[in-house]
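Open the model in your viewer, keep the selection panel handy, and follow along stop by stop.

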Amino acid sequence: MVDLSAKPYFLNKDQIKYVQNTVKSMSTDEKIGQLFFVIGQDEDQVNIEKFIKKYQPGGMMYRPDKAKKIKHEIATAQSTSKIPMFFAANLESGGNGIVTEGTWFGNPLQMAATDDPESAYQLGNVSGEEASQVGNNMSFAPIVDIDNNFRNPIMNTRTFGSDKDRVICMSDAQIKGLEKNNIIPVIKHFPGDGVDDRDQHLVSSINSLDADDWMNSYGEIYHHLIENGVPAVMIAHIMQPAWERRLAPGIEDKDLRPASSSKLLINGLLRNILKFNGLTITDATPMIGYNAAMARKDLLPATINAGIDMILFNKNIDEDYRFIHEAIENGVLSMERVDEAVTRILGTKLAQGIMNTKGELTLTPPDEINLHSQEHEELARKVAKKSVTLVKDRDKLLPITPKKYPRVRLVVLGDSDDGGFKEGGHVTDAFKEALEKEGFEVTIFDHNHLDFHEVFEEGVEDMEKKFDLAFYVANVETASNQTTTRLDWIHLMAADSPWFMKSIPTVFVSTANPYHLYDIPNVSTFVNAYTGNQPSIDAVVKKMTGKEKFEGKSPVDPFCGDFSTKL
């Protein structure tokens, strides 16, 4: 059974007795409910009180919505639930992960580019403070993956970079900021994203490092954070074949599993070798990377049997609950294993101050919501000032000024809402306004109304009559359920590409992916901003016009190991 006196719980005898007695007194339905971490319910669509009474979930994760609405929904669920609940959000880059009015502080890679752990601390502090205002008590962050593959479509700016020591340093700092605000950190995505070039939302991706290389990189990160007492780990739909083979010599390829259903990786690697005693939660189980492993009716109980304590999200919730019920009834899933999982869930809630030994909710939000938006925006501006990175300026085009380049053509790529759960949306208007404020005459390349004469017939002199400088911005965000974050020019003659860049001054800014030089290696001037929020846009323009120095240090190789990108 679980040792609740040990790390990360450190419960006393009375607290342990309370957990044990509570587990004994719970019905099977109540125990099954605790295993599920369901999607946040919208009070405009669902009667939350009836939902909680019927399903009795252990936790709920909300996507961003208005602060007052989220607060009321959480309060309704907490007041109805017999056992206080976890309420989580993806607090990866700010309080905007839970409330729409929250601060988009900046992506983790931007914090890393400051080379200052204080930035990561403030990321945790700002997002934690804003989340706590509405009753959120858990963060599915920090992300402790390593950005090892520039082709990976889901990680890059969501990580602290490619150096394990920086990942450890920044993760420690972000955790401190979260914990200051009584937000439980959940590190992710074990056994580690960033090696494969695919997205686990769409396929069971693979961490293909050999066992020793894994232990010397991802393993060191997890070992450090476990030693420091991190309370919870999110388990991904990612394979780590080398460790499964080391723990089970002779295992056949067909029997390899993503971590979310692998007893070898959870009970073997995470618990027995890395000595993690805390709470394990799957990544979202509607993902294809999860469901591709086996039939869902077998997969859900296999997940709990693998050593995982909580299942994130449902497909059909009644069906999912029934699958667990049936697995218990037919002996596939033992009540002993269920009790172990519920013990960890209740032990974490008690240890993290969500409830007391009377079963009462003890962690509640303030009566009035105060997001401290102006203060947090100013902190974001300080981070932006320190992080924006000049990667190259081959032809010494910087600083750009209205005197040198009065007419600017602004071309923005990827500025769309297509893709899952993106952070920033649009940057076109913000860049246009910032450049015009500096005195430039700005015209936007209109992707929706192509000038076919220009596309097929115009030459350099024709272009020179229209603009003096081409200012490219790529806002191609990492987001779920997409296979690439590469530059994707208009398919008709690549009409928006800077074919003229050897003749007309051309600068390129990336707000969302540090690796675009791979697709435009010959550009003279390249800048990484890492985040498309307003503070970063303002910082980019100030630095490119010479009003501020570039201070950022790249946490990854923006040249992608390709000689041509440095020319």
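**Stop 1: Arg 166**

Start by selecting Arg 166: leaving aside residues up to four places away in sequence, Arg 166 touches Ala 112, Asp 115, Phe 160 and Pro 555, where contact means heavy atoms within 4.5 Å. Arg 166 belongs to helix H7 (residues 164–180); helices (H or I, at least four residues) and strands (E, at least two) are DSSP runs, numbered from the N terminus.

A word on conventions before moving on. This is a predicted model, in which local features need pLDDT of at least 70 and side-chain atom pairs count only at pLDDT 80 or more, while totals for chains, interfaces and linings use all residues. Residues are numbered from 1 along each chain as its sequence is written, and side-chain values use heavy atoms, with hydrogens and water left out.

**Stop 2: the eight-stranded sheet**

Switch to a cartoon view and look for the open sheet of eight strands, in the order E9-E7-E5-E4-E3-E2-E1-E10, with parallel pairing. Two strands pair if DSSP finds at least two bridges between them. The edges are strand E9 (279–282) and E10, each pairing on one side only.

Select Phe 37 next. Which residue stands opposite Phe 37 in E10? There you will find Leu 312, and E1 and E10 run parallel, joined by two bridges. In E2, the bridge partner of Phe 37 is Gly 59; three bridges join E1 to strand E2 (residues 59–61), again in parallel.

Then go to Ser 139, whose bridge partner in E5 is Pro 185. Strand E4 (residues 138–139) and E5 pair in the parallel sense over two bridges.

**Stop 3**

Most residues other than glycine have a negative phi, and most peptide bonds are trans. The peptide bond from Lys 188 to His 189 is cis, with omega near 10°, and His 189 sits in strand E5 (residues 184–190). The bond from Phe 190 to Pro 191 is also cis, with omega near 10°; Pro 191 lies in the loop between E5 and strand E6 (205–206).

Jump to Phe 313, which is not a glycine and has a positive phi, near 70°. Phe 313 is placed in the loop between strand E10 (311–312) and H14.

**Stop 4: H14 and its neighbours**

Follow the chain into H14. The axes of helix H13 (residues 296–305) and helix H14 (residues 317–329) come within 9 Å and cross at roughly 65°. That makes H13 roughly perpendicular to H14, a label used for angles of 65 to 115 degrees, with under 35 counting as roughly parallel, over 145 as roughly antiparallel and the rest as oblique. Axes are lines fitted to C-alpha atoms, for helices over the stretch in contact, and angles run from 0 to 180 degrees between N-to-C directions.

To see the contact, show Arg 296, Lys 297, Leu 300, Pro 301 and Ile 304 of H13 together with Asp 320, Phe 323, Ile 324 and Ala 327 of H14.

Which kind of aromatic pair do Phe 36 and Tyr 321 form? The pair is stacked, at 4.5 Å centre to centre with 20° between the planes. Rings of Phe, Tyr and Trp (its six-membered ring) pair if their centres lie within 6.5 Å; planes under 30 degrees apart count as stacked, over 60 as edge-to-face and the rest as tilted. Phe 36 lies in strand E1 (residues 36–39) and Tyr 321 in helix H14, so the pair ties together parts that are 285 residues apart in sequence. A search of the whole structure finds 18 aromatic pairs.

**Stop 5: the six-stranded sheet**

Move on to an open sheet of six strands in the order E11-E16-E15-E14-E12-E13, with mixed pairing. Strand E11 (389–393) and strand E13 (441–444) are the edge strands, each pairing on one side only. From one strand to the next, the twist averages 20°.

Zoom in on Val 411, which stands opposite Tyr 472 in E14. Six bridges join strand E12 (residues 407–413) to strand E14 (residues 469–474), and the two run parallel.

**Last stop: H16 and H20**

Finish with helix H16 (residues 373–387) and helix H20 (residues 534–544), which pack at an angle of about 40° with their axes 8 Å apart. H16 and H20 are therefore oblique to each other.
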